[in-house]
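The sequence and the structure are shown first.

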Amino acid sequence: MPREGDQHARETAEAVARHSYGKLVAYLAAQTGDVARAEDALSEAFASALTDWPLHGAPQNPEGWLMAVAKRKIIDMVRRKKSSEKAAGHLRLLSEEMEAAAEASAEIPDDRLSLMFACAHPAIDPGIRAPLILQTLLGFDAATIASAFLVSPAAMGQRLSRAKHKIREAGIPFRIPDSSDLPERLDAVLESIYAAFAEGWSDSTGTESGRRNLAGEAIWLGRLVTALLPEAPEALGLLALMLHSEARRGARRNANGDYVPLAEQDPAAWDAQSIEEAEALLLRASGFGGLGRYQLEAAIQSAHAIRRLTGRSDWEAIRPHSTKRCQTSR
């Protein structure tokens, strides 16, 4: 039976992993230019936490503790790999840069959006962008991602490793693009998030819990993007679209597990809170101009969702955009 201290340490580590994993990886990757090394260092830091915290108690600033340990791990990795005088100079510079960045602010900067843009860079194969974001931002292992995207764990692991190698060797920048490049690059980020959501949504039997979780994590990523880019209308539209779709999950199956078409679903079984949030997001998006794909698809969802108030879908609003209807309109 685990000791109380062990349990508290594990719960604290799990909470930090859930809320801060991507933030810590993004910061370390931005400092080193190496996503794989950042992940390895943070993994070792979490392992150290599970050994140290039960003995000495969880620190007041778990994020800061993990960051300090991960930085030391990275420096140790470089030291083990390189021993030349030139490498020693690089190591010293790396150490000084990371320490200076840490001293500049007690708060760890949130570089997660920059990491997403790196993962969705045009140089990265479009087919691996969504899995790469899921792993780097959420800490999913290759086997979990492989199961969701219907490939073997070995193949997914190889593809993820190649993508991280590409980021390092090509010097792909960890930054939010300039305003002139932002729309095109943001599209790639949003497409990657939507691809992850679609994988979670496409559970045809309603029994694959991993896929359902994938949809929830995609919504979490959508919230992250809108928090960091609150005036991006298509980001708001994508989050609204996902929330409208997810609101109907509980109504898609009857008591026997059989699929229920949208027209036959009971609106009372839809999640009213998610629908209301989606409507508010659409309203916000409309104030910024630039109507796009995700806003249109979310608007179609909205026209169906009105049935919970009026008893019928707004078909007059739906028909002009029927050719744009997405998979999740089911």
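The secondary structure of the chain comprises 15 helices and zero strands; helices (H or I, at least four residues) and strands (E, at least two) are DSSP runs, numbered from the N terminus. The model is predicted: local features need pLDDT of at least 70, side-chain atom pairs count only at pLDDT 80 or more, and totals for chains, interfaces and linings use all residues. Residues are numbered from 1 along each chain as its sequence is written, and side-chain values use heavy atoms, with hydrogens and water left out.

Of the 330 residues in the chain, 46% are buried, where buried means under 20% relative accessible area, exposed over 50% and partly exposed in between (1.4 Å probe, protein chains only). Among contacts (heavy atoms within 4.5 Å) between residues at least 6 apart in sequence, 70% join residues at least 24 apart.

A nonpolar core is a set of buried Ala, Val, Leu, Ile, Met, Phe, Trp, Tyr and Cys residues joined through side-chain atoms within 4.5 Å. The table sets out two such cores.

| Core | Number of residues | Residues named |
|---|---|---|
| Largest nonpolar core | 85 residues | Most contacts inside it: Leu42, Met116, Leu134, Leu186, Ile193 and Val225 |
| Second, separate core | six residues | Including Ala247, Leu262, Trp270 and Ala305 |

Beyond its neighbours within four places in sequence, Val225 touches Leu113, Met116, Leu186, Val189, Leu190, Ile193 and Ala235.

Leu190 also takes part in a helix pairing: together with Glu191 and Tyr194 in helix 9, Leu190 meets Arg293, Tyr294 and Glu297 in helix 13. Helix 9 (residues 182-201) and helix 13 (residues 293-305) pack at an angle of about 40 degrees, and their axes are 12 Å apart. Helix 9 is therefore oblique to helix 13; angles under 35 degrees count as roughly parallel, over 145 as roughly antiparallel, 65 to 115 as roughly perpendicular and the rest as oblique. Axes are lines fitted to C-alpha atoms, for helices over the stretch in contact, and angles run from 0 to 180 degrees between N-to-C directions.

Helix 3 (residues 62-81) has 20 residues and reaches 29 Å from its first C-alpha to its last, close to the 28 Å expected at 1.5 Å a residue; the expected span is 1.5 Å times one less than the number of residues. Buried residues in helix 3 include Leu66, Ala70, Ile74 and Val78.

Ala142 lies in helix 7 (residues 142-148) and is buried, with a relative accessible area of 18%. Leaving aside neighbours within four places in sequence, the contacts of Ala142 are Gln135, Pro153, Met156, Gly157 and Leu160.
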